[in-house]
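Please open the structure in your viewer and keep the selection tool at hand.

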Amino acid sequence: MNNETQPMRIPRISVPRHPVWPALGAAEKTALKARIKTLLKERNALLVSHYYVDGDLQALAEETGGCVADSLEMARFGSETDAETLVVCGVRFMGETAKILNPEKRVLMPELKATCSLDEGCPADAFSAFCDAHPDHTVVVYANTSVEAKARADWMVTSSIALPIVKYLRAQDKKVLWAPDKHLGHYIQQVTGVDMLLWQGSCVVHEEFKSVALERLRRLHPDAAVLVHPESPDEIIEQADVIGSTTALIDAVASMHNPEFIIATDEGIFWKMKQLAPGKKLIAAPTAGEGATCESCAHCPWMAMNALQNLEQVLRSGGNEIRINEAIRQKAVVPIQRMLDFSKAQSA
Ligand code: 13P
Ligand code: SF4
């Protein structure tokens with residue numbers, strides 16, 4: 001393969017087993033949540049939770065004035081609050097984005113090892129060499145990347161704003177170097193027609209959705225709308241009624257009149273969907289096929305590293321703080337701020 005199509009060899013990603021958290025009785029859980037609420041107040045801290053983490057962490061964020069959101073909203077929220085500490089329940093790039101945008105705030109995470117296969121599959125040195133080889137391309141990175149990859153980029157995007165930003169670049173006749181998600185990149189390339197070089201990373205969770213099994217499931221549920229996150233492979237996206245970010249998929253369940261929905265994204269999202277549309281039937285898109293592994297369960301093993309137990313620990317100890325070299329931060333903030341400014345101008 002040459003540099004024009006295939007950037008670099010993607011490192012083998014080591015996917016952890018899902019952590020098994022000790023079950024909590026109702027009274028124990030209530031007491032633990034109460035202790036966390038007290039600690040949040042004492043530390044002037046707010047929770048910023050992603051839709052894929054455990055429902056208890058989403059509920060707690062809502063009950064305590066924090067936020068439950070997609071990657072774009074999570075990034076925005078941190079800058080809009082006066083809290084001194086943000087506790088990001090999600091994966092590492094989400095904590096890093098919060099810190100990049102809010103260097104004066106303390107950003108903690110229940111588990112710093114909570115990474116993402118897209119981030120791991122795009123090592124900074126290889127990515128930088130790929131950018132060097134294509135200086136005539138505008139570099140667009142997905143939020144799911146390291147601070148160093150962001151520092152090399154012209155733009156950062158999330159799934160909810162990638163399409164408008166790439167359409168904007170197309171209007172300026174720009175060629176795009178896209179990293180790291182090949183599926184999301186290919187989807188955007190098809191919709192926008194932009195000249196695009198794709199890094200070949202993927203999400204180990206969305207990669208597992210099975211297209212033949214999905215066709216079968218659709219036949220069994222002819223009234224169901226199929227909702228797909230665009231990190232999924234083409235043959236899954238092709239079967240979608242709605243393709244979009246986690247927020248877009250949640251909005252679809254709440255607003256569409258279908259009685260049933262087949263959902264191709266991490267099952268953590270069901271908590272919010274059930275909250276907003278309690279009467280709708282939610283069906284997980286099929287994953288486990290032949291040779292299925294732990295990865296085949298439609299739940300991100302890194303998101304699963306967040307739990308009430310380690311949240312309490314981190315609030316008590318003040319440990320697991322995100323720290324970023326200031327010189328790199330100053331570079332990485334540029335593509336993120338560009339995205340936020342674009343988004344603001346769009347909604348004005
Ligand atoms: P969203 O920005 O759509 O929430 O996606 C983040 C993510 O990591 C999906 O796998
Ligand atoms: Fe990364 Fe996939 Fe997990 Fe999202 S679901 S954080 S893209 S590994």
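This is a predicted model: local features need pLDDT of at least 70, side-chain atom pairs count only at pLDDT 80 or more; totals for chains, interfaces and linings use all residues.

Residues are numbered from 1 along each chain as its sequence is written, and chains are lettered from A and ligands numbered from 1 in the order in which they are written.

Select the 4 strands of the open sheet, which run in the order 2-1-3-4 with parallel pairing. Strands are DSSP runs of E, at least two residues, and helices are runs of H or I, at least four, numbered from the N terminus; two strands pair if DSSP finds at least two bridges between them. Strand 2 (67-69) and strand 4 (106-108) are the edges, each pairing on one side only. Next, select strand 3 (residues 85-89), which pairs with strand 4 over 3 bridges. Here Val87 stands opposite Leu108 in strand 4.

**A helix on the sheet.** Select helix 14 (residues 308-317), which packs on the sheet and touches strand 1, strand 3 and strand 4. Contact requires C-beta atoms, placed from the backbone, within 7 Å.

**Ligand 1.** Select the residues around ligand 1, including Asp70, Asn144, Cys203, His229 and Glu231; a residue counts if its C-beta atom, placed from the backbone, lies within 6 Å. Domain 2 (118-204 + 329-347) and domain 3 (206-297) both contribute to this shell, so ligand 1 lies between them; the domain bounds come from an automatic or database domain assignment.

**Ligand 2.** Finally, select the 13 residues that surround ligand 2; the closest are Cys116, Ser117, Cys203, Val205 and Cys300.

Technical notes
Two residues are in contact if their C-beta atoms, placed from the backbone, lie within 7 Å. Axes are lines fitted to C-alpha atoms, for helices over the stretch in contact, and angles run from 0 to 180 degrees between N-to-C directions.
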